[in-house]
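Here is a short tour of one model, written for someone who likes to check contacts and cut-offs. Have your viewer ready and follow along.

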Amino acid sequence: MSNNQPLPASVQHLIVGAGFAGLCAAIKLQEDGETDFLVVEKGSDVGGTWRDNTYPGAACDVPSQLYSFSFAPNPDWTSSYSPQPEIQAYIKKVAERSNVLDRFVFDTAAEEAAWDEKTAQWVVRTSGGTVRARTLIVGAGGLSEPKLPEIEGIGDFRGELFHSARWNHDIDLTGKRVAVIGTGASSIQIVPELQKVAGHVDVYQRTAPYVVPRNDRTYTRVERALFRRLPALQKAYRTGIYWGKELLVPGFTVNPKLALPAKKLALANLKRGISDPELRRRVTPTFEIGCKRILISNSYYPALASDNVDLVTDPIAKITGDAVVTADGVERPIDILVVATGFYTTELPIAEKVRGRNGASLADTWREAGMAAYKGTTVHGFPNLFMIVGPNTGLGHSSMVFIIESQVQYIRDAIRTMGLNRYETVEPTAEAQQGWNASLQRRMQRTVWNTGGCSSWYLDAHGKNTVLWPRTTFNFRRSLSEFDIAAYDVQAPDTTANPTREEVTA
Ligand code: NAP
């Protein structure tokens, strides 16, 4: 639908977000013959995080063969780890080929969604008008809202300042003095690119990450031709990558000793990239590998060792109009400040905007004990709400697209079940949700994310990991393979009974 047409007053299903998650949901709803749905997207294009993160060096650290839809293989990936423009082009191509784009409304932000008990509908206020919907599918992303550091004086900086996810391409970096705050997945891709063009780069490190080599490889023309002609071959290749990644899971979730080979690899990468013993010491991590995301790069350490780059490990005390000042009193003048300080992950901004049955928002509901959902997808007190990439669905080792497809499969089955049985609402019971999370958090206790001696964006203010999935991804997929109606309270126009799945399918 065109953006200057008014939004319809109501639809059956409203999807928020047009990244991998929202697009997947739209394609699959259409495939199921659903005709009455709409996707609202605050940006002006599909792509989500891959539309927004355009910083120099942006690329995916999960192999593209796996970091893509299983139903839309791409034989044309140019290399094992694709750069951002290629991933964004892929997402656009899939959207265009699927003929769903007429359901998308861009430049339209979901501002508030409130459950209306009387009509059993979501009332969603957007920047383009209000839409009522029977089901609300939220694919707003876990890494969508940039987090700026709270540093004294940052507002006084008179040079150019931008977050890694909001790169200002109008700024010429050539010969400039640049500071980068943060040494996470984004920073280690940015720093080597900055090193090539900037006059001087200061990298402000709070915690040293583990960085393993990036075994990138350009696909030959013959390989690409084979992938195109023999889809089964490409599928087998993807499957091989998938299982290779799954083998890493026990090292994260059962016994960190199993991750020792990865630690050796990272320390050898460090030794190869940096010869100065003092610099080596300062970038050597002090926690268990896997506790924070393991980063991949061949160029980060050599960039740090370059003459025009300084690693600064003294804490930042303040920022002035034209410099960063560290706690030891040293002032380092700069022209440009890049903050690569991550995203709001445990307090999802969308949670403030979604209000359930009793008027409380998801954020209110989660304030005391942290984010929690049933199977990372549905939430007690929020009928007919389906979250994609909800609480405890994140991964430290493999492709989020796999998780997204698993959740969309579950949501499709929920919608099918509702249609077949003429249910107006489905809502997970408090017991089902508690049981799911109790078991999940029990498993979480022994994971490296909890025991590895680091702080990370996986943990909320209470130290609880509400972001990651603590098992294998095939386990996740199996758990969500069919909509388990027995875990839900349902409301149907013609019955007050709460039938079990057996009764439903009998
Ligand atoms: P991040 O991993 O959260 O890293 C943020 C960095 O900023 C950390 O080094 C952190 O230090 C530092 N920091 C935060 N606040 C600070 C402050 N006030 N003062 C000084 N330092 C501060 O963020 P990110 O690098 O943007 O990556 C986020 C996630 O995005 C990744 O983990 C990954 O899932 C995804 N990502 C993926 C790719 C990919 O290739 N697929 C690329 C980029 C990002 P501490 O470690 O001490 O907290």
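## Arg 357 and its neighbours

Setting aside residues up to four places away in sequence, Arg 357 touches Trp 115, Glu 117, His 380, Gly 381, Pro 383 and Glu 427, where contact means heavy atoms within 4.5 Å. This is a predicted model, in which local features need pLDDT of at least 70 and side-chain atom pairs count only at pLDDT 80 or more, while totals for chains, interfaces and linings use all residues. Residues are numbered from 1 along each chain as its sequence is written, and side-chain values use heavy atoms, with hydrogens and water left out.

Among those neighbours, Glu 427 meets Arg 357 in a polar contact between the two side chains, at 2.3 Å. A polar contact is a pair of N or O atoms within 3.5 Å; within protein, one must be able to donate a hydrogen and the other to accept it, and residues adjacent in sequence count only if both atoms are side-chain atoms. Arg 357 sits in the loop between S17 and helix H11 (362–366); helices (H or I, at least four residues) and strands (E, at least two) are DSSP runs, numbered from the N terminus. With a relative accessible area of 37%, Arg 357 is partly exposed. On that scale, buried means under 20% relative accessible area, exposed over 50%, and partly exposed in between (1.4 Å probe, protein chains only). Arg 357 and Ala 114 are 243 residues apart in sequence, yet their C-alpha atoms are 8.1 Å apart in space.

Val 354 belongs to strand S17 (residues 354–355) and is buried, at a relative accessible area of 2%. Its C-alpha atom is separated by 6.0 Å from that of Glu 112, a residue 242 places away along the chain. The residues that Val 354 touches, beyond those up to four places away in sequence, include Trp 122, Leu 362, Phe 382 and Leu 385.

Gln 433 lies in helix H13 (residues 430–444) and is buried too, with a relative accessible area of 12%. The side chain of Gln 433 reaches the backbone nitrogen of His 380 at 2.6 Å. Tyr 374, Val 379 and Pro 428 are among the other residues in contact with Gln 433. Gln 407, in helix H12 (residues 400–421), has 0% relative accessibility and counts as buried.

How many disulfides does the structure hold? There is 1 disulfide, the term being used for a pair of cysteine sulfur atoms within 2.5 Å. It joins Cys 291 to Cys 454, with an S to S distance of 2.0 Å. Cys 291 lies in the loop between helix H9 (277–282) and strand S11 (295–296), and Cys 454 in the loop between helix H14 (448–451) and helix H15 (473–479), so the pair ties together parts that are 163 residues apart in sequence. The link of Cys 291 and Cys 454 is left-handed, with -95° about the S-S bond, and both cysteines are buried.

Cys 24 is in no disulfide, and the nearest cysteine sulfur, that of Cys 60, is 16 Å away. Cys 24 counts as buried at 1% relative accessibility. Cys 60 is in no disulfide either, and is buried with a relative accessible area of 4%.

## Around the ligand

Which residues come nearest to the ligand? Of the 22 residues around the ligand, these are Ala 59, Thr 183, Ser 186, Thr 207 and Lys 292; a residue is near if one of its heavy atoms lies within 4 Å. The shell divides into 10 nonpolar, 8 polar and 4 charged residues. Here Ala, Val, Leu, Ile, Met, Phe, Trp, Tyr, Cys and Pro count as nonpolar, Asp, Glu, Lys and Arg as charged, and the others, Gly among them, as polar.

A polar side-chain atom of Thr 207 lies 2.4 Å from a ligand oxygen atom, and for Lys 292 the corresponding distance to an oxygen atom of the ligand is 2.7 Å. An N or O atom in the side chain of Trp 457 is 3.2 Å from an oxygen atom of the ligand. On its own the ligand has 910 Å² of accessible area, of which the protein covers 84%; accessible areas come from the Shrake-Rupley method with a 1.4 Å probe, and for residues only the protein chains shown count as cover.
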